[in-house]
Amino acid sequence: RRMNPLQSRNDHSGRRDGHHSMHVNAHGHSDSEGVNESDIDSDDDDSAFDENLVKEMTVEGAGLREINGTYARIGQNDNVSKFMRTSRYNGRSVDFMLFRCKLTDGTRRWYISIVPENAHPGTTQDIDFYAVGPSQQHSVLDPNIPPRDGWMA
């Protein structure tokens with residue numbers, strides 16, 4: 001029997017209290033340096049950030065070391081980019097997904113999860129490790145890319 005993902009998240013985080021200093025950074029196609037939200041000038045329409053230019057995301061500081069690393073853009077979910085990283089977890093190769101989905105209450109939330117093979121992200125079959133809720137996203141300049149901070153186990 002599967003646990004509700006919101007209940008099981010702490011079981012998979014690698015941390016008991018759910019607090020950590022995990023960061024998610026965006027990387028452009030030919031850009032080897034991260035794009036931080038502070039680098040995006042929200043007052044200048046000419047410099048609007050295009051989430052389609054983000055080809056990779058880097059996760060650092062997660063309580064579970066298997067989650068840390070580079071996630072490649074592999075398409076879209078909820079009309080924004082989704083990212084994947086293959087890693088070993090519990091002795092087997094798994095695909096960790098970094099994606100946004102719309103919940104049944106209409107809110108949107110970013111997740112890092114193991115999504116079953118050939119399944120769409122954002123279902124109760126996902127094994128969720130980290131999430132950023134709507135209240136942590138209020139200061140995000142671009143809701144179409146994962147926020148750098150505010151991730152909870």
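The fold is an open sheet of seven strands in the order 1-2-3-4-5-6-7, and the pairing is antiparallel. Two strands count as paired if DSSP finds at least two bridges between them. The edges are strand 1 (23-28) and strand 7 (127-132), each of which pairs on one side only. Ignoring direction, neighbouring strands of this sheet are turned by 30° against each other on average. The axes behind that angle are lines fitted to C-alpha atoms, for helices over the stretch in contact, and angles run from 0 to 180 degrees between N-to-C directions.

Some ground rules. This is a predicted model, in which local features need pLDDT of at least 70 and side-chain atom pairs count only at pLDDT 80 or more, while totals for chains, interfaces and linings use all residues. Residues are numbered from 1 along each chain as its sequence is written, and side-chain values use heavy atoms, with hydrogens and water left out.

Now the chain as a whole. Helices (H or I, at least four residues) and strands (E, at least two) are DSSP runs, numbered from the N terminus. Of the 153 residues, 41% are buried. Buried means under 20% relative accessible area, exposed over 50%, and partly exposed in between, with a 1.4 Å probe and protein chains only. The protein chain exposes about 8800 Å², and carbon and sulfur atoms supply 42% of it. These areas come from the Shrake-Rupley method with a 1.4 Å probe; for residues, only the protein chains shown count as cover. As for contacts (heavy atoms within 4.5 Å), take those between residues at least 6 apart in sequence: 51% of them join residues at least 24 apart.

Next, strand 4. Seven of its ten residues are buried, so strand 4 is largely enclosed by the rest of the structure. On one side, five bridges join strand 3 (residues 69-77) to strand 4, antiparallel, with G75 standing opposite K82. The hairpin of strand 3 and strand 4 has two residues between the strands, and D78 takes a positive phi near 55° there. Strand 4 is also joined to strand 5 by seven bridges, again antiparallel, and here F83 stands opposite L98. Strand 4 and strand 5 form a hairpin with two residues between them, where N90 in the turn has a positive phi of about 55°.

Strand 5 (residues 92-102) and strand 6 (residues 108-114) run antiparallel and are joined by seven bridges.

What about the packing? A nonpolar core here is a set of buried Ala, Val, Leu, Ile, Met, Phe, Trp, Tyr and Cys residues joined through side-chain atoms within 4.5 Å. The largest one has 25 residues, and those with the most contacts inside it are I67, Y71, I112, Y130 and W151. Strand 1, strand 2 (54-60), strand 4 (80-89), strand 5, strand 6 and strand 7 each supply at least two residues of this core. Another core, of six residues, lies apart from it; M97, C101, Y111 and V115 are among them. Leaving out residues up to four places away in sequence, I67 touches V59, A62, R85, F96, I112, F129 and Y130.

Last, the aromatic rings. Rings of Phe, Tyr and Trp (its six-membered ring) pair if their centres lie within 6.5 Å; planes under 30 degrees apart count as stacked, over 60 as edge-to-face, and the rest as tilted. The count comes to four aromatic pairs. Y89 and F129 form an edge-to-face pair, 5.4 Å centre to centre with 90° between the planes. This pair links distant parts of the chain, with Y89 in strand 4 and F129 in strand 7, 40 residues apart. Both Y89 and F129 are buried. The rings of F99 and Y111 have centres 5.8 Å apart and planes at 25°, so this pair is stacked. F99 in strand 5 and Y111 in strand 6 are twelve residues apart, and F99 and Y111 are buried. Finally, ring pairs link Y89, F96 and F129 into a cluster.
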